[in-house]
Amino acid sequence: MTDTSIRTYTNERETETEEETAAVSDEQEHCPECGGRLVSDDEHAETVCTDCGLVVEEDEIDRGPEWRAFDAAEKDEKSRVGAPTTNMMHDQGLSTNIGWQDKDAYGRSLSSRQRQKMQRLRTWNERFRTRDSKERNLKQALGEIDRMASALGLPENVRETASVIYRRALEEDLLPGRSIEGVATASLYAAARQAGTPRSLDEISAVSRVEKMELTRTYRYIIRELGLEVKPADPEHYVPRFVSDLDLSDETERMARELLESARQEGVHSGKSPVGLAAAAVYAAALLTNEKVTQNEVSEVASISEVTIRNRYKELLEASDTAAPA
């Protein structure tokens, strides 16, 4: 048989196989009697036709769980699978944890000897989870990121991003000469800005264990070495949080955004602290909408001085008057 004949024969066989597969698939989707649509009846383990009621298959294998759950809590309790993998844990959540309760499967308390044995197992299990210095470093840093994110009220996606940034810094050997807490704090600060939920340096340093100067120095080093794209913080990103903390209305928030937009058009943003601009915009908007709020209250929420609020406040109102149509 020549090469041409072999190729022709192979192509014919492939075509026949595709046609047979399509025919089988069509038979599985449609009733062999009337051509109606087939559906699976999980309760009776049957496949039936919706038109004529013909039972095409019976005694199907039930691949679902053998237990029943009547609410979400009961479903989670009976589930045999764990949580999805996450970068917020040093082992990505794949290791096994031994529970702290000294009880057996029936809820009965363990004897003194069994409790000692379980405590030894917990100790060795913890040692095996962090086998080398790099894993111990990562575990400590991720715990620090989670602690600071909780104190700052940052969402889970920011914690996940911060964990990824820290892992990259560890893999590229950027930690020698720098503290674990410093790199972890810088990673969280960068992640918050990337996610559009920024926190000021003062807010970050207030919950961190490192000084503000070390934080800024480490942050610049991390974004430069890792090539992170972090845009300058937008003052509008701070406005919703300040408005919520001061218990102001939606109208005030809208007015504050309009003031900031006018300031952007007039170039007032350049070289100014975004936190100061946002705080001044909220204060000015509250006055324009006849809501009672003092400069001291705004300064406490934004962690900036009253002098900064007064200076930015005047600039925002001048920019708003200039941008307003004649």
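Predicted model: local features only at pLDDT ≥ 70, side-chain atom pairs only at ≥ 80, totals over all residues.
User: How many residues does helix α10 have, and which of them are buried?

Analyst: In general, an α-helix has 3.6 residues a turn, so residues three or four places apart point the same way. Helices here are DSSP runs of H or I, at least four residues, and strands are runs of E, at least two, numbered from the N terminus. Helix α10 covers residues 250-265, 16 residues. Its first and last C-alpha atoms lie 23 Å apart, close to the expected 22 Å. That expected span is 1.5 Å times one less than the number of residues. Buried residues in α10 are T252, E253, M255, A256, L259, L260, S262 and A263. Buried means under 20% relative accessible area, exposed over 50%, partly exposed in between (1.4 Å probe, protein chains only).

User: At what angle do α11 and α12 pack?

Analyst: Two packed helices are described by the angle between their axes and the distance between the axes. Helix α11 (274-288) and helix α12 (295-302) pack at about 145 degrees, with axes 10 Å apart. Axes are lines fitted to C-alpha atoms, for helices over the stretch in contact, and angles run from 0 to 180 degrees between N-to-C directions.

User: Which residues of α11 and α12 meet?

Analyst: V275, A279 and Y283 of α11 meet Q295, V298 and A302 of α12. Contact means heavy atoms within 4.5 Å.

User: What is the strand order in the sheet?

Analyst: Strands of a sheet pair through backbone hydrogen bonds, either parallel or antiparallel. This open sheet of 3 strands has the order β1-β2-β3, with antiparallel pairing. Its edge strands are β1 (38-41) and β3 (55-57). Two strands pair if DSSP finds at least two bridges between them. Strand β2 (46-49) is joined to β3 by 2 bridges.

User: Where are D247 and S303 found?

Analyst: Most residues other than glycine have a negative phi. D247 has a positive phi of about 60 degrees. D247 sits in the loop between α9 (239-245) and α10, and is exposed at 67% relative accessible area. S303 has a positive phi near 60 degrees. S303 lies in the loop between α12 and α13 (306-323), partly exposed at 34%.

How values were computed:
Residues numbered from 1 in each chain as written. Heavy atoms only, no water.
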